[in-house]
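Colleague: I am new to this structure and would like a close look at one part of it, the salt bridges. Could you take me through them with care?

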Amino acid sequence: MNCLQPQSTSDLARDACGECAACRRIARGVHPDVLMIEPGDMGSIKIEQVRDAIDRAGYRPFEGRRRVVIIDEADALVDSAQHALLKTLEEPPSASVFILVSSIPDALLATVRSRCPRLRFSALSPGEVTEALMRDHGYTEAEARAAAVDADGSIGRALAAESADLADARAGAQRLLELTARGNDPVRRLEAVKDLASRKSSPAGERDHLAVCLRALASLLRDIGILASGADRRLLGNLDLESQLAPLARDFDGRRSTRAYAAVDRALAALERNASPEVVADSLVLQL
C-alpha cells in the first residue's frame, strides 16, 4: 500500500518492491504511517494502545498513501480493547487501514470478526520452503530439504533451526530405514539406533535431538508410502531422495509404512511426556 515502486510478479498482480525507501523503512519499523501494535510484557494488548492507534488513524497519512495499523497477535487484545475497536473497524477513516493478524482468530469477539474481511494463509509446502531457502538464504539443496521437512510449512521455523543438524538427522533416519528394511536381527537394530538417539548433552538436549530425528523419520516414511502407493511424486517432501527411497518402498509396503509411521507418532508423543530418549528409541526400532 505504501511502496513507492509497486510491481507485478508471476505470483501476484501487485506486490511491493522491497527495495525503495518506503519499503526499507517499513521493514525497519520506522515508517511514520505504519504503526505496529504487539502484546506487552504481560502478553496482552491494552485498551490504551488501541485508543492511541485509533487517534493516530484519524489523521491523514504523513507521507504514504495509507496509514496502516497492524495489530499482531490480535487474539491478545483484552475485551475492552476489542470493544474500543468496533466503531473504527465498521467505519474506518478513508485513508487508514487496520490489519489484525492472528493464528487463532476464533479467540476474538464475534463482533470484531464480523467487521473484518478474512484472508487465510495456509502453511507452505515442503517444496515451496525448500525453494525459498535455496533462492533467498543460500542453502544447499540437501540442507534446504532437510530444514523444510522439519519446518511444518514455516520459513521462519526453518531458518531458526540448525540446517546441518537437520541434514544429519535425515541422513541418520535414512540409514536406519535401510538397515531395518530387510534385517530382523534385534541386536543389530538396537545397535543402529544408538547413533540416532545418542547425543552428549543434557537430557532435554537429547530429547530435542531425538525428536528432530523422529520427525525426519516420519517424513521419509510418508514419502515411502507415497511411492509404494504409486501416488503423485510431486507430493514427496524429500524429492531429492526419491531414487534412494524407491527401493525401500518395496520392503515398506503400504501396510508396513503406515504401521511404522504410527509407531513414530507414538514415540514423539512419549517424548512429549518426558519418556527416556533411549527407551523411546529402542522401543521404536523394534517396531519398524
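Modeller: What follows is a walk through the salt bridges, pair by pair.

This is a predicted model, in which local features need pLDDT of at least 70 and side-chain atom pairs count only at pLDDT 80 or more, while totals for chains, interfaces and linings use all residues. Residues are numbered from 1 along each chain as its sequence is written, and side-chain values use heavy atoms, with hydrogens and water left out.

Side chains of opposite charge can pair when their charged atoms come close. With a salt bridge taken as a side-chain nitrogen of Lys or Arg within 4 Å of a carboxyl oxygen of Asp or Glu, the count comes to 11 salt bridges.

One of them joins Arg56 to Asp52, at 3.9 Å from N to O, and both residues lie in helix 2 (residues 47-57), 4 residues apart, or about one turn of the helix; helices here are DSSP runs of H or I with at least four residues, numbered from the N terminus. Arg56 has a relative accessible area of 35% and Asp52 one of 40%, so each is partly exposed, a class lying between buried (under 20%) and exposed (over 50%), with a 1.4 Å probe and protein chains only.

In helix 5 (residues 126-137), Glu131 and Arg135 are likewise 4 residues apart, about one helical turn, and their closest N and O atoms are 3.6 Å apart in a salt bridge. Glu131 is partly exposed at 48%, whereas Arg135 counts as exposed at 55%.

Arg233, partly exposed at 42%, meets Glu242 in a salt bridge of 2.7 Å, N to O. Finally, a network of salt bridges links Glu141, Arg145, Arg170 and Asp240.

Technical notes:
Helices (H or I, at least four residues) and strands (E, at least two) are DSSP runs, numbered from the N terminus.
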